[in-house]
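Here are some exercises to work through with the model open in your viewer. Try each task before you read its solution.

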Amino acid sequence: MLKCFGIRTLFKLIIRFLIVELLMILEFLQDALFAAVAAIGFAAISCPPKQAYPYCALIAAISHSFRFLLMQNDYFQLHIVVATTFASLLTGVLAVILSSRPRVPAETFLYPSLLPMIPGIYAYKTFGALVMCLYHGTENAFGHYFYLFTSNGMTCFFILTGMAIGATVPIFLMKRISFQATRG
C-alpha cells in the first residue's frame, strides 16, 4: 500500500509539473504571437517593403519572448528594466544580421520590433498618479500619489533608456554588416 501511494504521489507531482510547464509554454507563445502582430501593425505605419513584414514579426516575437523569459522564468526573474535592455540588444543584433537578406536598412526592422516593448502601462500610471497628486490636497494622499508618480515615471524612463541603448549598440558595433545591408 505504501509503495502504491508513493507512486501515485510521484505521478501527481509529475502531472502538475507538466501542466505548469505547458501553461508557461503557452504564455510564452501567446506573448510571441501578440508581439509579432503588434510589430506588423507598427511596421505598416512606416510603409516598409512587403518582404520586411515577416522579419519585423519574427524579430519582435523573438525579442519580446526573450524579455518574457528573462522576467518570468524561475531561474532569472530579472527586473523589467534589465530584461528590456537585454531584449533590445537582441532586437538590434537580429535586425542588423537579418537586414542583409532583403537588402533594407536595419532600422526598418529595428523600430517596429521595438515598439511592442514600450512601457505604456508605466507611462499611463505615471500620468494618472500625477493627476491624482494634483487632485488630492491632503499631505498623505499627495505623498502616496507622488510616490506612485516617481516610481512609475522612473521605471518608464529607465525602460526607454535601456531600449535606446540596447537597440543602437549593435548598429554601431556591427557597422560593416549594418551599412553593407543595402548595397547590392
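A crossing of two helices is called right-handed if the near helix is turned clockwise from the far one by less than a right angle, and left-handed if the turn is anticlockwise. Please keep in mind that this is a predicted model.

**Exercise 1. Describe how helix H3 passes helix H6.**

Step 1. Start with the two axes: those of H3 (residues 80-98) and H6 (residues 139-173) come within 7 Å and cross at roughly 25°.

Step 2. Classify the angle. Angles under 35 degrees count as roughly parallel, and H3 and H6 are therefore roughly parallel to each other.

Step 3. List who makes the contact. On the H3 side, the residues include Ile 80, Val 81, Thr 84, Ser 88 and Gly 92; on the H6 side, among them are Thr 155, Phe 158, Gly 162, Met 163 and Gly 166.

Step 4. Sort the contact residues by type: 12 are nonpolar, seven are polar and none is charged.

**Exercise 2. Is Thr 155 buried or exposed?**

Step 1. Find Thr 155 in helix H6.

Step 2. Compare its relative accessibility with the cut-off. Buried means under 20%, so Thr 155, at 14%, counts as buried.

Step 3. Look at what surrounds Thr 155. Not counting residues up to four places away in sequence, Thr 155 touches His 79, Ile 80, Val 81 and Tyr 122.

**Exercise 3. Examine the positive phi values of Gln 77 and Arg 103.**

Step 1. Take Gln 77, a residue other than glycine whose phi is near 50°. Gln 77 lies in the loop between helix H2 (52-72) and H3, and is exposed, with a relative accessible area of 53%.

Step 2. Turn to Arg 103, also a residue other than glycine, with phi near 60°. The loop between H3 and helix H4 (106-114) holds Arg 103, which counts as partly exposed at 46% relative accessibility.

**Exercise 4. Which residues have the most contacts inside the largest nonpolar core?**

Step 1. Recall the background: in soluble globular proteins, nonpolar side chains tend to be buried together.

Step 2. Pick out the residues. The largest nonpolar core has 22 residues, and Ile 59, Ala 95, Phe 109, Leu 110 and Leu 114 have the most contacts inside it.

Step 3. H2, H3, H4 and H6 each supply at least two residues, and the largest share, seven residues, comes from H3.

Step 4. Zoom in on Phe 109. Leaving aside neighbours within four places in sequence, Phe 109 is in contact with residues including Tyr 55, Ile 59, Ala 95, Leu 98 and Pro 102.

Definitions and conventions
Residues numbered from 1 in each chain as written. Predicted model: local features only at pLDDT ≥ 70, side-chain atom pairs only at ≥ 80, totals over all residues. Heavy atoms only, no water. Axes fitted to C-alpha atoms, helices over the stretch in contact; angles between N-to-C directions. Helix = DSSP H or I, 4+ residues; strand = E, 2+ residues; numbered from the N terminus. Parallel < 35°, antiparallel > 145°, perpendicular 65-115°, else oblique. Contact = heavy atoms within 4.5 Å. Nonpolar A, V, L, I, M, F, W, Y, C, P; charged D, E, K, R; others polar. Buried < 20%, exposed > 50% of the residue type's maximum accessible area, 1.4 Å probe, protein only. Core = buried A, V, L, I, M, F, W, Y, C linked by side-chain atoms within 4.5 Å.
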